[in-house]
Amino acid sequence: MRTFAKGLAALALACSSAANAEGGYFGGPAGLMTIDRSNFDDPFNLGLRAGYTFASGWGFEGEYTNSIISGEADVFSGDIDVDIQTLAFYGTYRSHGNIYFKGRAGVLHEDIDFYGDDTGISLGAGVGFNFGPNTDVELEYTRIEEDVNFWSGTMTLSF
């Protein structure tokens, strides 16, 4: 039990030891767009992200992603490629520390090949790791729509 308490104290110290740096950032998210339907293989998306974080941890960001490896759907007429393109604007919050938690909520427009396009609310959460004064890596989950989710990793560079 003492080992657990020491580990928990070390994690709390790591999460609170550094303040968020105020400023802009850009990065490149990459990950799997999982489609919760049978007979679908998931596409792999790559994108661009830019935003601004205030010293309080609150901020905003824009993100664009597009499929670089198409998924596949097995439909009555045969196999077809599935590509997903997204454009989103989020309000964000990052906790303080070298290991931090991130939340985001915003508006997203997606275009799914053969399925159509839609605009709606998107939510996401993740964990970030500060590797230096200008470099972070974030691992995130984002709900694109009811049956599409984005599991991604992003390296961000601050300026």
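1. Basis of the model. The structure is a predicted model, in which local features need pLDDT of at least 70, side-chain atom pairs count only at pLDDT 80 or more, and totals for chains, interfaces and linings use all residues. Residues are numbered from 1 along each chain as its sequence is written, and side-chain values use heavy atoms, with hydrogens and water left out.

2. Overall composition. The chain contains one helix and eleven strands; helices (H or I, at least four residues) and strands (E, at least two) are DSSP runs, numbered from the N terminus. Read from the N terminus, the order of the elements is α-β-β-β-β-β-β-β-β-β-β-β. Of the 159 residues in the chain, 38% are buried, where buried means under 20% relative accessible area, exposed over 50% and partly exposed in between (1.4 Å probe, protein chains only).

3. The barrel. Eight strands close into a barrel with antiparallel pairing, in the order β1-β3-β4-β7-β8-β9-β10-β11. Two strands count as paired if DSSP finds at least two bridges between them. From one strand to the next the twist averages 25°; the angles run from 0 to 180 degrees between N-to-C directions, with axes as lines fitted to C-alpha atoms, for helices over the stretch in contact.

4. Strand β3 and its partners. Strand β1 (residues 23–35) is joined to β3 by eight bridges, and the two run antiparallel; Gly27 stands opposite Arg49 in β3. On the other pairing, ten bridges join β3 to strand β4 (residues 58–69), again antiparallel, and Thr53 has Gly59 in β4 as its bridge partner. The hairpin of β3 and β4 has four residues between the strands, and Gly57 there takes a positive phi near 105°.

5. Strands β7 and β8. Residues 84–94 (β7) and residues 99–112 (β8) pair in the antiparallel sense over eleven bridges. Within this pairing, Tyr90 has Gly106 in β8 as its bridge partner.

6. The open sheet. Three strands form an open sheet in the order β2-β5-β6, with antiparallel pairing. β2 (40–41) and β6 (78–82) stand at the edges with a single partner strand each, so one side of each has no neighbour in the sheet. Strand β5 (residues 71–75) pairs with β6 over five bridges, and the bridge partner of Asp74 is Asp79 in β6.

7. Pro29. This residue lies in strand β1 and counts as buried because its relative accessibility is 0%. Beyond its neighbours within four places in sequence, Pro29 is in contact (heavy atoms within 4.5 Å) with residues including Leu46, Arg49, Glu63 and Phe150. The C-alpha atoms of Pro29 and Glu140 are separated by 9.4 Å, although these residues are 111 residues apart along the chain.

8. The cavity. Ile35, Arg37, Phe40, Val82, Ile112, Phe114, Tyr115, Glu145, Asp147 and Val148 line the largest cavity. A cavity is a set of points on a 1 Å grid over the protein atoms alone where a 1.4 Å probe fits but cannot get out, and lining residues have an atom within 4 Å of a point.

Note on methods
On a 1 Å grid over the protein atoms alone, a cavity is a set of points where a 1.4 Å probe fits but cannot get out, and a pocket is an open set with protein on both sides within 12 Å along at least five of seven lines; lining residues have an atom within 4 Å of a point.
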